[in-house]
Number of protein chains: 4
Amino acid sequence: MTFAAIFVPDELRDAVSDEAWLQAMLDFEGALASAEARAGVIPQEAAQAIAASCRGDLFDAAELAAAGRRPGNPAEPLVRALREQVGGEGAGYVHWGATSQDVMDTAAVLVSRRALVLVDREVDGVAAACARLARDHRGTVMAARTLLQQAVPTTFGLKAAGWLVSLLRARRGVRAWQPSVELGGAAGTLAALGDDGLEVLRLLAEELELAEPAVPWHTNRVRIAELGCALAVTAGVLAKIGRDVALLAQTEVGEVREPPGSGGSSTMPHKRNPVGSALAVACAEQVRGCATVLTAALVQEHERGLGGWQAEWGPLSQALAYTGGAAAHVRGVLEGLEVDAERMRANLSDVIGAEHASFVLAGRVGRVEAHELIGKAARTESFRAGLLGAGLSPGDVDRVLDPSTYLGAADAFVDRALALYEEEW
Amino acid sequence: MTFAAIFVPDELRDAVSDEAWLQAMLDFEGALASAEARAGVIPQEAAQAIAASCRGDLFDAAELAAAGRRPGNPAEPLVRALREQVGGEGAGYVHWGATSQDVMDTAAVLVSRRALVLVDREVDGVAAACARLARDHRGTVMAARTLLQQAVPTTFGLKAAGWLVSLLRARRGVRAWQPSVELGGAAGTLAALGDDGLEVLRLLAEELELAEPAVPWHTNRVRIAELGCALAVTAGVLAKIGRDVALLAQTEVGEVREPPGSGGSSTMPHKRNPVGSALAVACAEQVRGCATVLTAALVQEHERGLGGWQAEWGPLSQALAYTGGAAAHVRGVLEGLEVDAERMRANLSDVIGAEHASFVLAGRVGRVEAHELIGKAARTESFRAGLLGAGLSPGDVDRVLDPSTYLGAADAFVDRALALYEEEW
Amino acid sequence: MTFAAIFVPDELRDAVSDEAWLQAMLDFEGALASAEARAGVIPQEAAQAIAASCRGDLFDAAELAAAGRRPGNPAEPLVRALREQVGGEGAGYVHWGATSQDVMDTAAVLVSRRALVLVDREVDGVAAACARLARDHRGTVMAARTLLQQAVPTTFGLKAAGWLVSLLRARRGVRAWQPSVELGGAAGTLAALGDDGLEVLRLLAEELELAEPAVPWHTNRVRIAELGCALAVTAGVLAKIGRDVALLAQTEVGEVREPPGSGGSSTMPHKRNPVGSALAVACAEQVRGCATVLTAALVQEHERGLGGWQAEWGPLSQALAYTGGAAAHVRGVLEGLEVDAERMRANLSDVIGAEHASFVLAGRVGRVEAHELIGKAARTESFRAGLLGAGLSPGDVDRVLDPSTYLGAADAFVDRALALYEEEW
Amino acid sequence: MTFAAIFVPDELRDAVSDEAWLQAMLDFEGALASAEARAGVIPQEAAQAIAASCRGDLFDAAELAAAGRRPGNPAEPLVRALREQVGGEGAGYVHWGATSQDVMDTAAVLVSRRALVLVDREVDGVAAACARLARDHRGTVMAARTLLQQAVPTTFGLKAAGWLVSLLRARRGVRAWQPSVELGGAAGTLAALGDDGLEVLRLLAEELELAEPAVPWHTNRVRIAELGCALAVTAGVLAKIGRDVALLAQTEVGEVREPPGSGGSSTMPHKRNPVGSALAVACAEQVRGCATVLTAALVQEHERGLGGWQAEWGPLSQALAYTGGAAAHVRGVLEGLEVDAERMRANLSDVIGAEHASFVLAGRVGRVEAHELIGKAARTESFRAGLLGAGLSPGDVDRVLDPSTYLGAADAFVDRALALYEEEW
């Protein structure tokens, strides 16, 4: 993650670092020993000795990674190092009945769970900011834009409400993700644990407060792919908000500005760039790339994948980090967003009343004829004159040229969005 | 979709064809008119006239597509054609208050819902076949393979159970998808419907038996992206099954064969290729490509996307078609799969008992020492002799060399998978 | 390709249709027979009989696709149908020594070569339009925009020159693609042709005017992946142009407009949407999706891929079609583009002179100090007053506020772009 | 890059580290100052002072990344830090006339050029290993496998030759990549350099030994996307080799083994996993993910991208690293590959002679009839008996059952591959 600090908050980077993975792997080993002691599979003392050694600071993540080159994963050297650390009788009971993938998969789940707390916090911040904007700006009239053309009037409140609903829906996908423990032994039968396999699995899940899978998921990667997808969808929504903000912040539009204090240029003194928006978009692009890797990794061979599995660790970490990064950036942008309601109003072109006029006129001349007449009026120099010429009464023309008379259900939609937000809180 | 019939069943291809889209668009227009008549927005007679004209056979999908080049979508020419078809008073009430994207988005949802019924049917068939294989082969011992190496014994029943659980989990994602109607008018405010917008929206949803969204989702593409992801995950699981089958069907492995009657070669008389598996994999690759487009399309501008929206129609159709295609192929493969239990047993190498031996020995010499000793034994010419040399008793050696003594929780896991299957039925 | 006519010109759709593939497959069979007759491998009469039957209208592509479901490709049924068609002695010499993949791969190459002629024609049209715009608008001053903020002045000519250079470079990638024949027989050894394999290969390449590969490329998919990438890069450049045009066409910017006659809305009479730009973007998204499939398909097993190969046909066809579609849309947009030079000039904000001012001032107070002073001036109400306050002379201020004095090498860069264009013509 | 050391050699990781980027950015600043001094734009002393400060060890990459959060890139804080470091008169001349993107883009190119040397070295190693295997094993008969079924005989030499040719072709793509300097100033006009822009550009390219672009490429990302594609193609070829090796190394196939010393399991003493192959596949998956990001990033707005640009740094670094990682792993695998020629020969099934038999018989009974007869023979218990029954003479049967008589042009193809290799050396 080149220059990662630009994109991802420190705490979140830490949460997906090699050190965080290492600690999660150790958490697995410690919990496994406890579970096995409770199940009577290994001695209580061994479990205690193991648990006492399952501290990340006793190991070197970089060394383990380097040593992992030969076996193809860092779990195998970690088990060796942990055995050495535990020493004595306990050493032999380290990792009892488990396989490297059990360690890695459960660590992936633990890392994800921890990181998701941070991601969720940022996403919540974005949602709260959207809700506030929706509430505060339900009366702020602005142009709705389709294909980047002014279409009909809307409110900035409804725009923010749309962001909010998108984000809530995306968040639902992430929150629905259920972290499960992994324990299958060498190839998913738990054979090394004899008759105690299921009991150990149950207790291990309990120890780590993780769900228990129906069967080991060594090559059932739906969990991982679904998480990748949910993150990509969330990041995509955040990028949509970011792009909208940047479009509104264009020099020629000027309806919003990112909060002061960022966005300076190395050479242009006047610039105030929508940097948070840009970085959110950049984060989302990368999450998407990661999600494609995780989805491709679904196709893993037999009882352990040849490459697909090993390809997951990095993209999973990055998908978490960059989704949180996107959320943090959008949150910063929205929490301090400067909204220029006057400019929004001023930007509204006259012809934005065209659809309104066309429906007013349709009552008299029919829909098709009206569409044509108003279309012509919109291409004349003065739309007002054109409307009068098309047969609208001066009162109708006044109404048509006042965008606040043509907001339809905008306000009601804001209410619905806010209700959804309260409900999902 | 080049040579689509190779990949996708006829019925499913029809379900996502331009004609199916056209009918779905007409269903929207008909239902909209009905809803508006019920809400008192348009005359009852107009609604009836419109409904009577909303039949796909009255229009030419190819012509509409060609005419859609200028406005950038086929809805605009369809509305014009429908007006002409309806004629008279009713013509002016066609598409009343709606926008092109309302038509297209609702059509996308209707097409998806219909296609998903067919996809689900095939997926169900795969699940049923997996369940049957899991049940029938819970006692069929075979090699579990990790990184394509024989690891420890397992059963073919557990392998099928693993496929089953993956598929059930993936199916849950698809089934959780909730089709919503789209109606926002020009830019999501329903302004053209005045005070009746929400009522028309409610009635339209009712007419089409679709959910009602909190707010219009013109640029909230979470629904579409999530469906794309769910399909890609499902297709990925199907490809995993396909690849496993093909690996088991290798000449040198020979543990399964695809059903007779397919897989011939144009030049090699002896070939019986795992064609269904190959085509399932090929389908899944394409679904994945489609899903990346749909996920990228989340980032749509303001109230209507510039390109992102228009990019969805094809990939959505294809993702549906190829997921169903993958399922149909895997279903055909599994329903007629020839399983060679004898060959499975015969393929088991002696050294597959190594982990078992190592755990037996660990009781006496400790885990680490045991691992090393058994590793050495595995590299001698006779594993049996090596085991005896390592200090195992003849009785232990017999047990270690009998793979059926080292199946751990395989049977219990099959039960758990089948229970899940029954539950989710 | 849902509603394909919206995106892709008719001729190009035909060029990648199943019928086009069928004819290309027949071209292979015909040429193979000729080559083999020339090499003395099969009788001259047989070759003639075969050649006479290699006409697409004698076969039904849809039927062959359906029949291809069992063997997993349409070549096997085509060979059978062709044998029947040829009849007599010649029948046995059809497809002599070749394998299904030889037919399909060579057909893929032939289809690509033909489609690329059409794609190239559209791309050339875009390049010519860019060149014209670059030439005509080298003096048209406008705002350069970075992160969607006005940055410094530039010319519309330079913007078009930038598009041109991007496209030329992308086109180079496509043109560098070298179509090769495929002939390897069952598994790449040409064993069925005995000692004549290399000679037949050479003559076949000659017959079809294709390059001869060093070795058969059944599972060397670099050619296909590279073509996919080159198309995705080209489409990406076209989407960049499309997005730029749409941004310039925004209501609030209004510096360009797509040609009249397209872009109408089904409900808003005043709309003139940048439809061509939107569709170009939509095409490019889909090409990108196809390219990911083709790149993933590089990993094919042993001497024939299990799924990877079969996944190529559709995405390759679509990548060709949508790239050409993107080009056709951008070409239409640029050939009729309405450029509003006055609006470009009028849109230039005063503060766009900030960098200029800062460099003028730097001479006196140093770069850092100048940057800060001008930054402050840019945030005052009157930039002119601010500049004078910052210590610039009235003459300098006049110069700074005249964007045409700060165009640097814009003109020279236009020359360089046009020179490159001439050179690569 | 989680546990990056597992995947990527140390030297290569260093080459794409933040520190490497930092040094490359400083190289740009130093070279720019020199070029500008040579062009008479800034004082010679200033250039010397600047050059003296352009040493990575004087700056802290992590700090710069953190500080880059506000401006959205690390170049802006670096310029400030460099000014401070240079101090005095020279400070004001740091970064004269350049923009942040000039620094970042040129750094990206320099980082790529340096990393590519390392990537190329590994790829060369793979090519050399392939060439050696092709040469040494041109007589080693083995089964060619299509759709994972034994098809006809081939040689391991030809298989290696196929890998070699793929890799040479992919390498050509990487080597064709031409690194260009970036210098456009604020928005691509070099306005701040007045009349000296082109001269400075020329001299800067000279200083850094980079090509000079026709026009600045701030939003012409073809270079970056093409590099991403070329790396993905190369990595895909490497993954193909990796997967082939792993398939050949399967317990049931056993024709090759990765070199001893790697591939141990944490729980199964007997395992010797094809770890290098698995990691190569895992690397390639990730390169592909990166390439999709880089290709999507082609669509950048106006004169500087909003998110697309910033999304490139990480994926570019990773694409370089993981391609090199894939190559290093495959190189290790192939350089020490244990090839079991006896097992290859032993694995050949009798029926692999079916095509041969069918062509022998075709001379007498015609191709279609022969195909059918031999197909039946292949399904009898004894293929030999079946062949005799089908009418082949005992001598023909002997020949058909000797795979070395049916190798066609295998040897000649090996020669062609080796010739290509020599040529491209």
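1. Contact here means heavy atoms within 4.5 Å. By that rule, chain B brings 62 residues to its contact with chain C, and chain C brings 63 residues. The model is predicted.

2. Chain B against chain C: area. The two chains bury about 4800 Å² between them. Carbon and sulfur atoms give 63% of that area.

3. Chain B against chain C: polar terms. How many salt bridges link chain B and chain C? The count is zero. Polar contacts do occur, in 11 residue pairs with both members at pLDDT 80 or more.

4. Chain B against chain C: elements. Several helices of chain B each supply at least two residues of the side that touches chain C. They are α1 (4-7), α3 (18-38), α5 (61-67), α7 (100-136), α11 (275-296) and α12 (313-335). Which of them has the largest share? That is α11(B), with 11 residues.

5. Chain B against chain C: composition. The side of chain B that touches chain C has 34 nonpolar residues. Another 23 are polar and five are charged.

6. Chain C against chain D: extent. Chain C gives 86 residues to this contact, and chain D gives 86 residues. About 7300 Å² is buried between chain C and chain D. Carbon and sulfur atoms account for 66% of this area.

7. C:Arg416 and D:Glu212 form a salt bridge, with their closest N and O atoms 2.9 Å apart. The cut-off for such a pair is 4 Å, so the distance of 2.9 Å between C:Arg416 and D:Glu212 falls within it. Polar contacts between chain C and chain D come to 30 residue pairs, both members at pLDDT 80 or more.

8. Chain C against chain D: make-up. Which helix gives the most to the side of chain C that touches chain D? Helix α10 of chain C (residues 222-248) does, with 15 residues. By class, the side of chain C holds 47 nonpolar, 22 polar and 17 charged residues.

9. Inside chain A: layout. Chain A is divided into domain 1, residues 4-343, and domain 2, residues 349-410. Their centres, taken over C-alpha atoms, lie 51 Å apart. The contact uses 10 residues of domain 1 and eight residues of domain 2.

10. Inside chain A: buried area. Domain 1 and domain 2 of chain A bury about 710 Å² between them, 76% of it from carbon and sulfur atoms. Which residues of domain 1 lose the most area to domain 2? They are A:Gln150, A:Val152 and A:Pro153. Together these three give 57% of what the domain 1 side buries.

11. Inside chain A: polar terms.

12. Inside chain A: elements and classes. Strands β1 (141-146) and β2 (149-155) of chain A each supply at least two residues of the domain 1 side that touches domain 2. The largest share, six residues, comes from β2(A). By class, this side of domain 1 has seven nonpolar and three polar residues. Charged residues are absent from this side of domain 1.

Definitions and conventions
Residues numbered from 1 in each chain as written. Chains lettered and ligands numbered in written order. Predicted model: local features only at pLDDT ≥ 70, side-chain atom pairs only at ≥ 80, totals over all residues. Heavy atoms only, no water. Domains from an automatic or database assignment. Buried area = accessible area lost by both parts, 1.4 Å probe. Helix = DSSP H or I, 4+ residues; strand = E, 2+ residues; numbered from the N terminus. Nonpolar A, V, L, I, M, F, W, Y, C, P; charged D, E, K, R; others polar. Salt bridge = Lys/Arg side-chain N within 4 Å of Asp/Glu carboxyl O. Polar contact = N/O pair within 3.5 Å; in protein donor to acceptor, adjacent residues only side chain to side chain.
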